Amino acid sequence: MKEVEITRAIAGWDRELEHGVFLTTGTGTQVNTMTIAWGATGRFWNRPCITVAVRHSRYTHDLIDLSDQFVISIPAAGSLKQELSICGTRSGREIDKFDACSLTREYVPETTIPLIAQCEYHLVCTISYRQSMDPLLIDAEYVHQSYTDHDHHTMYYAQIIKAYQS
Ligand SMILES: Cc1cc2nc3c(=O)[nH]c(=O)nc-3n(C[C@H](O)[C@H](O)[C@H](O)COP(=O)(O)O)c2cc1C
């Protein structure tokens with residue numbers, strides 16, 4: 001695992017996001033990963049930032065609210081399709097997805113949250129701001145498309161503090 005420029009890892013994020021990347025979070029022994037395909041990178045508070053959207057129903061939502069950090073692990077182009085599918089359809093409440101997908105945990109000094117060694121890039125992120133969507137403020141078209149079950153997202157804004165390449 002070697003440190004790389006944040007912009008380099010973000011290029012990997014831009015390439016892979018629509019196919020899915022891994023969001024890993026938790027505290028202590030309670031750690032879980034899930035597939036995400038919604039998010040954005042940019043600058044807030046004069047720092048490189050990432051925003052991710054996690055629905056209230058996810059086990060990841062329970063864990064991220066106990067934590068102040070998460071790690072985004074980005075597969076090499078077109079790789080880990082089955083693992084992304086499992087981590088995007090099965091819940092960490094039922095299975096240990098690291099074991100089920102044989103994902104290898106690797107650790108870096110900035111966080112106790114593991115990086116997924118089989119991925120190409122990793123963004124270590126510290127949460128700066130979190131806000132659950134206000135149902136009254138969502139455009140009606142998106143309510144119809146995504147929220148008829150009232151399973152809204154919480155938006156997590158985080159500073160990207162370090163980037164790594166496997
Ligand atoms: C390609 C793909 C992208 C996904 N993107 C998101 C997302 O951005 N936000 C979200 O809340 N769920 C997303 N999901 C659904 C979660 O990954 C899925 O519900 C997962 O099983 C939740 O796991 P957990 O209960 O262990 O947290 C996505 C699923 C797939 C397959």
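Predicted model: local features only at pLDDT ≥ 70, side-chain atom pairs only at ≥ 80, totals over all residues.
The backbone at L80 has a phi near 60 degrees, which is a positive value in a residue other than glycine. With a relative accessibility of 15%, L80 counts as buried, because buried means under 20%. A positive phi, of about 65 degrees, is also found at H150, although H150 is not a glycine. H150 belongs to the loop between α5 and β10, and its relative accessible area of 61% places H150 in the exposed class, because exposed means over 50%.

A polar backbone atom of T35 lies 2.8 Å from a ligand oxygen, and a polar backbone atom of G92 lies 2.7 Å from a ligand oxygen. In the case of S91, the side chain supplies the N or O atom, with a distance of 2.7 Å to an oxygen atom of the ligand. The ligand taken alone exposes 660 Å², and the protein buries 82% of that area.

Attention may next be given to the charged side chains. Side chains of opposite charge can pair when their charged atoms come close. A search of the whole structure finds eight salt bridges, and among them is the pair formed by E3 and K162, whose closest N and O atoms are 4.0 Å apart. E3 is part of strand β1 (residues 2–4) and K162 of strand β10 (residues 153–165), so this pair ties together parts of the chain that are 159 residues apart in sequence. K162, with a relative accessible area of 24%, is partly exposed. The side chain of K162 also meets that of E110 in a salt bridge, with an N to O distance of 3.9 Å. Because E110 lies in the loop between β7 (105–108) and β8 (111–116), whereas K162 lies in strand β10, the bridge between them ties together parts that are 52 residues apart in sequence. E110 counts as partly exposed, at 26% relative accessibility. Through salt bridges that share partners, E3, E110 and K162 are joined into one network.

A further salt bridge is formed between D65 and R130, for which the closest N and O atoms are 3.2 Å apart. D65 is located in the loop between α2 (59–64) and β6 (69–74), while R130 is located in strand β9, so that parts 65 residues apart in sequence are tied together by the pair. Both partners are partly exposed, D65 at 40% relative accessibility and R130 at 34%.

Strand β9, which covers residues 121–132, also contains Y129. Y129 has a relative accessible area of 35% and is accordingly partly exposed. Together with F44 and W45, Y129 forms a nonpolar patch on the surface, and the three residues have about 320 Å² of accessible area together.

W13 lies in helix α1, which comprises residues 6–16, and is buried, with a relative accessible area of 1%. When neighbours within four places in sequence are left aside, W13 is in contact with V21, I36, G39, A40, T41, I50, V52, I72 and I74. The C-alpha atom of W13 is separated by 28 Å from that of H144, a residue 131 places away along the chain. S146 is found in helix α5 (residues 140–146) and likewise counts as buried, at 12% relative accessibility. The side chain of S146 is joined to that of Q145 by a polar contact of 3.4 Å. Beyond its neighbours within four places in sequence, S146 is in contact with W38 and R55.

Notes:
Residues numbered from 1 in each chain as written. Heavy atoms only, no water. Patch = residues over 30% accessible without salt bridge, like charges linked within 9 Å, V, L, I, M, F, W, Y side chains within 5 Å. Areas by Shrake-Rupley, 256 points an atom, 1.4 Å probe, with all protein chains shown as cover. Helix = DSSP H or I, 4+ residues; strand = E, 2+ residues; numbered from the N terminus. Buried < 20%, exposed > 50% of the residue type's maximum accessible area, 1.4 Å probe, protein only. Polar contact = N/O pair within 3.5 Å; in protein donor to acceptor, adjacent residues only side chain to side chain. Contact = heavy atoms within 4.5 Å.
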